[in-house]
Number of protein chains: 2
Amino acid sequence: MKHIKDSKIVMIGAGNLATQLSINLIKAGFKIAQVYSRTLESASSLADKINSGFVTFVPEIVRDADIYILAVKDDAIVDILNEMPQVKGLLVHTAGSVSMNIFASYTCRYGVFYPLQTFGKNREISFGIVPLFIEAVEKEDEKYLFLLANSLSEKVYILSSEKRKYLHLAAVFACNFTNHMYVLASKILENEHIPWEVMIPLIDETARKIYTLSPEEAQTGPAVRCDREIMQKHLQLIENETTRELYKLISKNINEIVNNE
Amino acid sequence: MKHIKDSKIVMIGAGNLATQLSINLIKAGFKIAQVYSRTLESASSLADKINSGFVTFVPEIVRDADIYILAVKDDAIVDILNEMPQVKGLLVHTAGSVSMNIFASYTCRYGVFYPLQTFGKNREISFGIVPLFIEAVEKEDEKYLFLLANSLSEKVYILSSEKRKYLHLAAVFACNFTNHMYVLASKILENEHIPWEVMIPLIDETARKIYTLSPEEAQTGPAVRCDREIMQKHLQLIENETTRELYKLISKNINEIVNNE
């Protein structure tokens with residue numbers, strides 16, 4: 001049997017996730033045989049970084065790879081599958097909310113390789129502690145994905161498509177919605193000409209607290225204390241209607257959760 | 001003139017903030033002459049930590065201190081002032097949403113010393129980079145507070161009560177409401193028996209991103225991409241009514257902000 005690091009890997013996609021995943025694979029001692037991206041610029045740019053070949057037409061993707069990693073937007077998965085050549089290798093996608101069964105009518109060896117992380121432009125992500133969630137139809141493929149994932153990260157979990165949906169939903173709260181709270185805070189400061197960076201130590205400590213406390217134990221502030229006077233004062237300061245609604249709804253919810261337990 | 005480190009300081013309060021502030025003052029070379037707390041247990045416990053005297057009755061607070069730091073709950077400030085002996089020293093509170101003028105009918109030397117941070121039980125906070133916001137009626141007292149604050153932290157700002165209210169409001173979003181997003185994420189995972197710690201690297205990266213990006217630039221996820229299909233799927237997964245309302249309202253708001261700019 002071939003050593004896992006000699007796998008022939010095709011990276012389909014050249015966005016933020018595809019780029020960081022490729023770079024981490026290279027660092028872990030893998031090679032990427034080929035990159036596919038619709039646009040010449042992004043295909044060649046990623047291929048340059050990782051010293052691989054590249055194509056910009058799906059039918060030109062090599063047929064003898066061991067694994068094809070579809071690290072593209074959810075919508076693009078089916079478009080690519082519709083043009084994919086028949087291959088024997090394993091097909092996986094990297095999406096949080098897309099079932100593994102999206103592959104079912106195209107091939108019989110398929111799975112999922114989902115890194116739970118947010119990938120932004122020009123953000124280098126080291127996969128060492130990024131939790132990787134894998135799934136495959138065949139036991140052999142699951143084992144292969146586990147080894148592949150484990151070469152990148154110490155945190156590898158086997159998780160069904162059904163549960164992965166909930167994981168992705170939780171991530172929307174913990175990442176995107178959290179970031180939106182930062183956005184609303186930054187708008188309040190901007191109006192008052194207070195520099196945004198004064199918030200950073202508070203944001204850091206808020207994140208660090210939950211290393212050792214559950215989020216419920218970590219809660220502080222007027223809502224958890226039921227301090228109606230301050231909440232009333234705050235509502236008067238908020239000009240934006242949606243922001244005011246959010247203030248009310250989140251405060252109410254904080255309160256409900258405290259009182260239910 | 002007496003050196004600032006020889007100031008006679010009285011700490012009024014023995015909660016999380018009072019404790020961390022006292023410890024940081026001691027570390028910076030100050031002494032705390034006396035601690036006041038209503039309960040013997042908390043007064044003596046803090047006094048033990050910082051090697052100071054303590055009292056549990058407000059009228060017994062020493063009269064010749066240079067500064068009295070009221071690090072108590074907002075509601076308790078007036079109660080304490082009502083019983084405070086007449087003193088010549090500077091009175092300050094540490095509250096985000098309480099105007100400096102709360103002191104006006106009690107004394108003529110007063111101000112504010114507001115650390116922008118969240119203080120939890122058993123959380124050691126080093127004040128080195130905590131932004132400290134100060135305010136005082138008299139220029140001399142402002143100068144004194146600046147020096148005191150600057151002995152603890154490199155980030156000292158003079159800020160009016162009017163603006164401090166907005167700062168505190170922003171902090172509620174960036175800290176308490178952010179933490180509530182963690183709570184909601186943790187409840188989703190709990191239902192699916194997925195361990196909470198898988199979220200930590202994502203939460204960390206979400207916080208770290210805004211070291212270099214504005215929160216608006218940092219945004220990712222279905223709402224900012226207007227991915228209605230995933231948002232619909234997510235809404236179907238959420239059982240709790242308030243959580244579903246929050247998902248809708250925050251997603252709508254993320255979208256509005258993107259489209260307005």
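Modeller: In β5(A), A:Leu90 is the bridge partner of A:Ile67. Strands here are DSSP E runs of at least two residues and helices are H or I runs of at least four, both numbered from the N terminus. This is a predicted model: local features need pLDDT of at least 70 and side-chain atom pairs count only at pLDDT 80 or more, while totals for chains, interfaces and linings use all residues. Residues are numbered from 1 along each chain as written, chains are lettered from A and ligands numbered from 1 in written order, and side-chain values use heavy atoms, without hydrogens and water.

Biologist: How many bridges join β4(A) to β5(A), and do they run parallel or antiparallel?

Modeller: 4 bridges, and the two strands run parallel. Two strands pair if DSSP finds at least two bridges between them. β4(A) also pairs with β1(A), in the parallel sense over 4 bridges, and there A:Met11 stands opposite A:Ile69.

Biologist: Is β4(A) covered on both faces or on one?

Modeller: Both. A:Ile67 and A:Ile69 on one side, and A:Tyr68 and A:Leu70 on the other, are all buried. Buried means under 20% relative accessible area, exposed over 50%, partly exposed in between, with a 1.4 Å probe and protein chains only.

Biologist: What's the strand order in the whole sheet?

Modeller: β3-β2-β1-β4-β5-β6-β7-β8 in chain A, an open sheet of 8 strands with mixed pairing. β3 (53–55) and β8 (156–158) of chain A each have a single partner strand, so one side of each has no neighbour in the sheet.

Biologist: Switching to chain B: what does the span of helix α5 look like?

Modeller: α5 of chain B has 31 residues (161–191) and should span 45 Å at 1.5 Å a residue; the end C-alpha atoms are 44 Å apart, which agrees. The expected span is 1.5 Å times one less than the number of residues.

Biologist: Where is the kink in α5(B) centred?

Modeller: On B:Val172, at about 30°. The bend is the angle between axes fitted to the seven residues ending at a residue and the seven starting there. α5(B) is mostly covered, with 25 of its 31 residues buried. Just after α5(B), B:His193 takes a positive phi of about 55°.

Biologist: And what does B:Met199 touch?

Modeller: Beyond neighbours within four places in sequence, its contacts include A:Leu116, A:Leu167 and B:Leu189. Contact means heavy atoms within 4.5 Å.
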